[in-house]
Amino acid sequence: MKRQQERAEYRSIIADSWNRCIGYGLHHDYEPEPANLDDRARETLEKDYEALLSTTETEVLPYYNNIMSNSRCLILLADSHAQVLKGWGDKRITESHLRPWFSAGASWHERYAGTNAIGTSIATRSPVQVQRNEHFLKLNRSIISSAAPIFDTDRTLVGVLSAFSDAYLPQAHTLGMVRLLSQSVENRLIVRQLGGDHFILTLNTTADNIDSPWSGLIAFDPNGRIVASNQRADQLLGEPLSGRNLNSLFIENRNLVLNHSHNAPIQLTTTKRVRLSGLLKRPVSLDTVTTKPARAIPRARPTEPGMAGVSMDDIEHGDPLVRRCADQARKVLERGVPILICGETGVGKEVMVKALHGTSQRCAQPLVSVNCAAIPPELVESELFGYEAGAFTGARAQGSLGLIRKADKGILFLDEIGEMPLAAQSRLLRVLQEREVTPVGSTERIPVDILLVSATNRPLADRIDNGEFRADLYYRINGLSLELPALRDRMDRRELIRRIYLEHRDSGQSDTLNNEVMAALENHPWPGNIRQLVNIVRVAVAIADGDDVQLWHLPEDFLADYESQTRPERKPVFDASPYRESPQANDNSRNDTMDQTLVVYRQCMGNVSRAARELAVSRNTLYKRLRDLGVR
């Protein structure tokens, strides 16, 4: 159903473009004259678009040299009016009469050139591919063109990147490459324009692909206000981000992000319970300031769940449901039965897979993890199944083995499998049925020996009903279905909290958490599950700075979230009126006031804002009292 809908939308894009061409008065045999700029006009054009040109030419294209060196392909950069700024690659891809259209100044606007990738991409503000006979003018029907728009930090369309080819080969990959190119240019424009005075947060679905061009990018000021984001970031967060604040997007406290190390991945959970990995780049002005080096903190074990060395003992600490899932998975995996792991974001699906791999007979063989949502849809097939040399525009000269063949004799883990495009689902189904892979552009079938584990955080049955997932593939991957419980439902929650605290505590801190802190952690609803728990514990340990963790070391937004979900109707902690400050207050009343301040602060679980409201004093007054009490 979804595939039919996509085809219908694509046909509609081409049909609408043809209707616009007819409205412009064009006919199929029309042959427009290309612009012929002199040197001075060309220099003026390049000067007007110096930033866009230099960003594309010096910072992006060098990473994609293989696109032009291994294929007969031409890359064009055009401005927002469809006027060519510059081209790179092979101009001999088509008849000589079209070559002037690849020079600076040539206009590919639909009004002059009919339906084409550049002009139609501008008209629709979206990536477009136009096959030979889909061009409105017969003049252009010897080429295949793909294009994607480029937007600046204000989401204004500033240009278009396109690839032209005459190859009779699969072209979906070319469109995917062009989308990556345009996304790369957008990313560099954001960093170039805002990186000097703003924080830049790069986001993706896993830490392994943060440096991919297909990553989200968010620029924000020291107050956490977002001033710009790329399209991928909006897609990952599920909404336009400009003008929003970090605190409204992520469960983690804004200060956790701002103070995070600039060269270490940070795990974040959105308010919609989507787990992401990020990398923070500080403003250039802050990077030049010398900061006190962080003291080394000895760790007994790896600090992040899912790192090397994970065993079954790390998965459960007394919860019967998790133990049963682990036992069943270990038994059936050795028999070659595919496993589907379900559960909310952050419950530990990938940790389970790594533990299964480490305890299986294939522990010496590769574990290849693929996040199906992290690869552009047009590139999923070539990444998974590999391709032959020259299979499509932009293919490597030596071809590609593909991730499935890299998992041969080992385990293939397909995370977020529900996001896999339908075309790739069909090919995967054949691989699982026949245990053979046919690379893109080849007819050779190559045997593979893999054990398959898949994971999803959304019901696949709903996607089947919507035509977004194949029912036959679902039954093929669903040999054993496991549902990992959310943290709030686990019976071993207390022991899990204790273990995670022991992993992250400073060497001088107590081996145990006090009852108040443990109660707050144990009774929290944990929408971000184990990943959120790890981040909260790390923040508390860092704020305590060598002292034992107290309630007020937990982030205020964590305590507020806990309050809002556990106390639907807020009631006053106590009647504060007798303890309000008065000019006539004597020493005894002051002592009573300080005592009650401490009582209220603890009853409010360290939430300064609420405690100040309950005491009817300002936050500054409360902070002063707490300092006098030795609490803050």
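## Starting at Ala51

Ala51 comes out as partly exposed, because its relative accessibility is 48% and the partly exposed class sits between buried (under 20% relative accessible area) and exposed (over 50%), using a 1.4 Å probe and protein chains only. Ala51 belongs to helix H3, residues 50-60. Helices here are DSSP runs of H or I with at least four residues, strands are E runs of at least two, and both are numbered from the N terminus.

A word on the ground rules. This is a predicted model, where local features need pLDDT of at least 70 and side-chain atom pairs need 80 or more, while totals for chains, interfaces and linings use all residues. Residues are numbered from 1 along each chain as its sequence is written, and side-chain values use heavy atoms, with hydrogens and water left out.

## The chain overall

The chain has 632 residues, and 52% of them count as buried. Taking contacts (heavy atoms within 4.5 Å) with a separation of 6 or more, 66% come from residues 24 or more positions apart.

## Two nonpolar cores

A nonpolar core here means a set of buried Ala, Val, Leu, Ile, Met, Phe, Trp, Tyr and Cys residues joined through side-chain atoms within 4.5 Å. The largest one holds 33 residues, and those touching the most other members are Leu384, Ile404, Leu412, Leu414, Met420, Leu428 and Ile477. Elements that each supply at least two of its residues include strands E11 (339-342), E12 (367-371) and E13 (411-415), plus helices H13 (380-385), H14 (403-406), H15 (422-434) and H17 (471-477). H15 gives the largest share, 5 residues.

Zoom in on Ile404: leaving aside residues up to four places away in sequence, Ile404 touches Leu384, Phe385, Leu412, Leu428, Val431, Val437, Val448 and Ile450. Another core lies apart from this one, with 28 residues, among them Cys21, Ala78, Leu139 and Ile143.

The side chains of Ser426 and Arg470 make a polar contact of 2.9 Å. That term covers N or O pairs within 3.5 Å; within protein, one atom must be able to donate a hydrogen and the other to accept it, and residues adjacent in sequence count only if both atoms are side-chain atoms.

## H18 against H20

Helices H18 (residues 493-504) and H20 (residues 529-544) have axes that come within 10 Å and cross at roughly 45°. Axes are lines fitted to C-alpha atoms, for helices over the stretch in contact, with angles from 0 to 180 degrees between N-to-C directions. So H18 is oblique to H20, oblique being whatever is left after roughly parallel (under 35 degrees), roughly antiparallel (over 145) and roughly perpendicular (65 to 115).

On the H18 side, the contact uses Leu496, Ile497, Ile500, Tyr501 and His504; H20 brings Ile530, Leu533, Val534, Val537, Arg538 and Val541.

## Two positive phi values

Most residues other than glycine have a negative phi. Arg125 has phi near 55° and sits in the loop between helix H6 (117-124) and strand E3 (128-130). Trp526, also not a glycine, has a positive phi of about 50°, in the loop between helix H19 (515-522) and H20.

Their accessibility classes: Arg125 is partly exposed because its relative accessibility is 43%, whereas Trp526 is buried at 0%.
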